[in-house]
Amino acid sequence: MANPRESELSYPLGDTLPGPGEALDLLPGVRWVRMGLPFALDHINLWLLRDTVDGREGWTIVDCGIHNDTTKANWERVFAERLDGLPVLRVIVTHFHPDHLGLGHWLTERWQCRLWISATDYQLARVASSSTVGMGGEAAATFFGSHGLTDPEALDKIRGRASYYPSMVPAIPPAFRRLMDGLTVRIGDHDWRCLVGYGHAPEHISLFSETLGAMISGDMLLPRISTNVSVVDVEPEADPLQLYLDSIARLTTLPAETLVLPSHGKPFRGLHARIDQLEEHHRERLAEVLEACTAKPCHAAELLPMMFRRPLDLHQTTFAMGEAVAHLHLLWLGGQLRRTLDEDGIHRFSA
Ligand SMILES: [Zn+2]
């Protein structure tokens, strides 16, 4: 959902964007690459960090882009023109989603280098690339059905999307190096501290450099849209929204002037304002959900028109369902709503 308080943020580069196959100098030793995506969200930001590993000069890549020929071709152009003749030495991935990890296998093979990622996201990627986790298939259809999505056509389509993740992430590197909360990674002239974030992915890692005054936020903080926070079939009683809100609250200890390098949108200043905006956004959604469930017991599907206020295609509906359940679960697990499983097999929530 678009950010109504976007004017509180500032974009130091204005409207300047790197074109396909380009890499824009952003900070000393930090370059910004932007790749296309075949979704409504049509791009992802990736970062090049000047590095030295085992005595070799080169670059670290942060996040990979989606697996397709266009992205590979644009990477080849970056390699030819924007690495100053140096190799890629490692690939850091913030979390397991296809736009971030998709080309991880190709990049690490291409450069014979290591993937760095959290252990939880690595393991889930291994599972998801050979089965289905939250993105489609029978389990997802059953889960959405239990939250009131009963349209047979929609459920059939969800069943049919069993290979959604593997189609975008066909292979996972066979080995990895573990990133975890609090770990400091030396990259070139700068220390980057790993900051774990929960609620969007199992163990999302953002990176903060005090000396550069910058944070690579991944998907945990985006300037224009709120991060997707969903309950999925593999963990059907999860409380990801509380986890997400706790995670971004921890980021308020970072300096206010930090330059935030998000995965989608433009690099921005206004870290504390953005956290405040996201907290307000979710507070408002939670108040609406609580009010609706106070008026009468509600399931997730019937909350979508109120929460999203626009027509949703199937892809958007699955995300919206996950988000609606996440809001219900925060209130349920926080003790403000009760959950019942009714005779029609649907969970309803009431105050
Ligand atoms: Zn993501």
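**Exercise 1.** Determine which arrangement the four donor atoms around the zinc ion form.

*Solution.* Step 1: in this predicted model, local features need pLDDT of at least 70, side-chain atom pairs count only at pLDDT 80 or more, and totals for chains, interfaces and linings use all residues. Residues are numbered from 1 along each chain as its sequence is written, and side-chain values use heavy atoms, with hydrogens and water left out.

Step 1: list the donors (N, O and S atoms within 2.8 Å of the metal, or 3.2 Å for Na, K and Ca; water is not among the atoms, so sites may look incomplete). His95 (NE2), His97 (ND1), His200 (NE2) and Asp219 (OD) coordinate the zinc ion at 2.1 to 2.2 Å.

Step 2: inspect the angles. Because the four donor atoms subtend 90 to 174°, the arrangement is irregular. Four donors are tetrahedral if all angles lie between 85 and 135 degrees; four are square planar and six octahedral if opposite donors are over 155 degrees apart and all others between 65 and 115; anything else is irregular.

**Exercise 2.** Identify how the donor residues of the zinc ion are spaced in sequence.

*Solution.* The spacing reads H-x1-H-x102-H-x18-D. Histidine 97 lies in the loop between β5 (88-92) and α2 (98-101), and aspartate 219 in the loop between β11 (214-218) and α8 (240-250), so the pair ties together parts 122 residues apart in sequence. Helices (H or I, at least four residues) and strands (E, at least two) are DSSP runs, numbered from the N terminus.
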